[in-house]
Amino acid sequence: MSATRNDRSIAGDATHANDYAAAVARLVEDFGDEQNALLPMLHALQEEFGYIDDLMVPAVASALNISRADVHGVVTFYPDFRRQPAGRHRVRLCRAESCQARGAAAIERIATERLGLRMGETSPNGRVTLDAVYCLGLCATGPNAMIDDVPVSRIDPATLDRLIEELTR
Amino acid sequence: MTRVYVSKDMAAVALGADAVAEALSAAGADVVRTGSRGLFRLEPLVEVETPEGRIGFGPVASADAALVLDGSHPARLGDVSAMPFFARQQRFTFARCGVIDPLSLDDYEAHGGWRGLTAARALAPQAAVDAVKASGLRGRGGAGFPTGIKWQTVHDAPGPIKYIVCNADEGDSGTFADRMLMEGDPFCLIEGMAIAGHAVGAERGYIYIRSEYPFAIRTMREAIARAASIVAPFVLEVRVGAGAYVCGEETSLLDSIEGKRGEVRAKPPLPAISGLFGRPTVINNVLSLAAVPFILSEGGEAYAAIGFGRSRGTMPVQLAGNVRNGGLFEVGFGITLGELVMDIGGGTDSGRPVKAVQVGGPLGAYFPPSIFDLPFDYEAFAAAGGLIGHAGITVFDDTVDMAHMARFAMEFCAHESCGKCTPCRIGSTRGVELIDRLIAGERRAADAVERLPQMRNAVGGPRQAGQEIELLRDLCDTMKFGSLCALGGFTPYPVLSALDHFPQDFGAAAPISSAAAE
């Protein structure tokens with residue numbers, strides 16, 4: 001976070017803040033201006049900009065007439081909301097019990113080795129983010145993963161190699 | 001043109017169903033995308049329409065499209081619904097799933113759709129509530145609270161605005177019935193919610209779906225748009241979760257819809273009195289609401305006619321983990337755990353012996369095969385120190401280490417705790433540390449506080465394994481009775497059941513309860 005902020009000039013921040021304010025104004029049209037619009041609005045902002053920038057918080061708070069602390073509290077409570085950009089591709093490996101029963105731990109170990117990333121990290125070239133997910137609801141055919149928006153079941157080391165090869169090529 | 005049916009259920013797609021559908025389409029077939037029948041070993045499953053009915057083939061690779069269309073594919077299954085896995089089921093809730101095009105209103109109506117809603121609308125609201133009471137339906141999310149009583153409370157609550165909320169935040173590992181129903185028969189859930197709206201006097205409903213279910217979100221939104229005029233003036237909206245497991249707890253789910261952190265509320269007041277936006281609210285699981293159309297169209301007595309003890313009707317059981325015939329098996333209560341795991345599930349997929357099954361998700365107990373004669377029933381499971389929960393059964397073979405699974409239960413609780421109550425927030429972290437010490441065989445010496453002169457009851461020297469286990473049991477007791485909701489309150493189930501049934505994995509030769517008494 002601090003690296004991103006330090007790289008920006010104050011003028012750059014102002015441009016971003018204007019973009020965000022415009023996006024929030026549009027989203028109020030769709031979701032209304034009450035507090036219950038907060039999650040749909042954050043999802044939409046993350047969809048558009050890739051993450052929830054701290055600079056969005058004041059705009060959202062003011063649009064919904066709630067405090068900045070309320071918005072910050074929600075952004076940091078829910079694991080889906082990222083405060084930094086993710087890599088271009090997202091690999092999410094399931095870590096829950098049913099996948100564990102089918103060998104997910106070994107797959108996770110191989111994935112972290114092949115990508116050179118720990119769970120939750122993004123590769124330095126911004127290509128891949130590796131994340132854990134707790135259950136995709138495909139519990140009879142694990143180990144499972146979501147590669148961007150595509151679910152993949154019965155992952156074995158060979159499948160994993162092929163998937164990683166496609167993503168990092 | 002030959003008509004063929006291919007599932008677009010997320011599990012089938014994860015096994016390659018999209019490529020199979022494309023290949024069939026390219027080979028000139030008329031492809032209809034359905035939900036899943038629910039036996040994932042067969043996916044991607046293709047059913048070909050013939051004069052003798054639908055003939056199934058599965059699993060099918062995309063290169064085999066031509067073989068399926070000329071009928072020579074070796075994985076020919078014949079009539080899929082006649083296979084033992086399906087013929088033994090009693091599909092009340094999942095009757096249409098895997099059979100119809102999920103988004104076709106014509107298909108839904110042709111297969112008995114909207115009959116429950118029509119019947120309900122012909123009744124006074126109180127009579128509709130009475131039908132649900134007569135069915136004996138209990139909350140399918142896990143708690144097993146009688147649905148009819150909940151509806152009655154909301155029906156009787158004063159006020160012009162009430163809500164119906166569907167809990168589709170199916171975060172438990174080993175469960176996927178909510179997802180399958182929303183993807184395979186979304187109108188069924190919509191019908192159930194519209195009936196609930198009529199029965200209690202609510203005109204607005206929310207379906208809270210976890211973000212990990214993108215297919216279900218898409219299908220439900222499209223189905224709501226298509227059915228809007230049929231359920232009007234009842235209005236429905238999908239709300240999407242954001243990765244927090246605790247939002248499956250009903251009060252934190254309500255806070256999440258309201259745009260807040262998903263923190264658990266203290267009860268009372270019950271959501272039925274003061275729920276969403278402070279209004280009387282019916283909050284039910286997907287499977288509870290989806291059971292309602294059958295109850296209204298066939299009568300509460302028809303639903304209650306099967307079952308066991310105080311558990312009436314059917315339960316869509318989900319066989320998951322290391323199991324050969326993994327999938328969805330809807331059956332009346334009373335079937336034994338062993339029948340489900342061994343006869344129907346076919347034992348482990350790895351071919352190794354079953355060591356443990358976890359029933360009811362991350363908060364459910366681990367059971368060994370020695371108690372497989374346990375009947376599937378809310379009360380029987382509670383008496384055995386476990387719970388049915390959302391009826392997911394996760395099977396493990398003999399390579400699993402139960403001390404590791406007990407640790408994972410504590411770790412998961414620490415990861416997902418909303419932080420509102422101390423036993424869950426701090427107890428789970430202390431639990432991880434305790435189990436780590438047990439696994440490593442470390443003997444923790446007394447710390448500075450424990451050595452203070454006024455700490456007369458503290459253990460002076462390094463704790464023995466038995467003393468550590470006593471401490472772990474004490475911690476579980478505090479979490480069980482001191483936590484605000486089921487996350488902290490039920491995490492002790494997997495931990496204690498692992499300790500009780502698999503003491504050898506914790507490094508104890510004798511059952512651990514007696515070791516602790518030394």
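User: Let's start with the strands. How many bridges join S1(B) to strand S3 of chain B, and do they run parallel or antiparallel?

Analyst: Three bridges join S1(B) to strand S3 (residues 46–50) of chain B, and the two run antiparallel. Keep in mind that this is a predicted model. As a general idea, strands of a sheet pair through backbone hydrogen bonds, in either a parallel or an antiparallel way. To find the spot by eye, look for Tyr5(B), which stands opposite Glu47(B) in S3(B).

User: And what about S1(B) and strand S2 of chain B: parallel or antiparallel?

Analyst: Parallel this time: five bridges join S1(B) to strand S2 (residues 30–34) of chain B.

User: Is strand S1 of chain B mostly covered or mostly open?

Analyst: Mostly covered. Strand S1 spans residues 3–7 of chain B, and four of its five residues are buried.

User: Now the sheet with S12(B) and S13(B) in it. What is its strand order?

Analyst: The order is S13-S12-S16-S14-S15 in chain B, an open sheet of five strands with mixed pairing. Strand S13 (327–332) and strand S15 (366–367) of chain B each have a single partner strand, so they stand at the edges with one side lacking a neighbour in the sheet. S12(B) and S13(B) run antiparallel, joined by six bridges. There, Pro316(B) stands opposite Glu330(B) in S13(B).

User: On to the interface. How many residues of chain B are in contact with chain A?

Analyst: Start by counting who touches whom: 59 residues of chain B are in contact with 36 residues of chain A. Then look at area: about 3,500 Å² is buried between the two chains, with carbon and sulfur atoms giving 59% of that. Ala242(B), Arg261(B) and Phe408(B) supply 16% of the area that chain B buries against chain A, more than any other three residues.

User: Which residues form a salt bridge between the chains?

Analyst: Asp349(B) pairs with Arg102(A), their closest N and O atoms being 2.8 Å apart.

User: Which element gives the most to the side of chain B that touches chain A?

Analyst: Several elements each supply at least two residues, including helix H1 (10–14), helix H11 (214–231) and helix H17 (402–416) of chain B. H17(B) gives the most, with six residues. Sorted by type, the residues on that side of chain B divide into 29 nonpolar, 18 polar and 12 charged.

Note on methods. Residues are numbered from 1 along each chain as its sequence is written. Chains are lettered from A and ligands numbered from 1 in the order in which they are written. This is a predicted model: local features need pLDDT of at least 70, side-chain atom pairs count only at pLDDT 80 or more; totals for chains, interfaces and linings use all residues. Side-chain values use heavy atoms; hydrogens and water are left out. Contact means heavy atoms within 4.5 Å. Buried area is the accessible area (1.4 Å probe) that two parts lose on being put together, summed over both. A salt bridge is a side-chain nitrogen of Lys or Arg within 4 Å of a carboxyl oxygen of Asp or Glu. Ala, Val, Leu, Ile, Met, Phe, Trp, Tyr, Cys and Pro count as nonpolar, Asp, Glu, Lys and Arg as charged, and the others, Gly among them, as polar. Two strands pair if DSSP finds at least two bridges between them. Buried means under 20% relative accessible area, exposed over 50%, partly exposed in between (1.4 Å probe, protein chains only).
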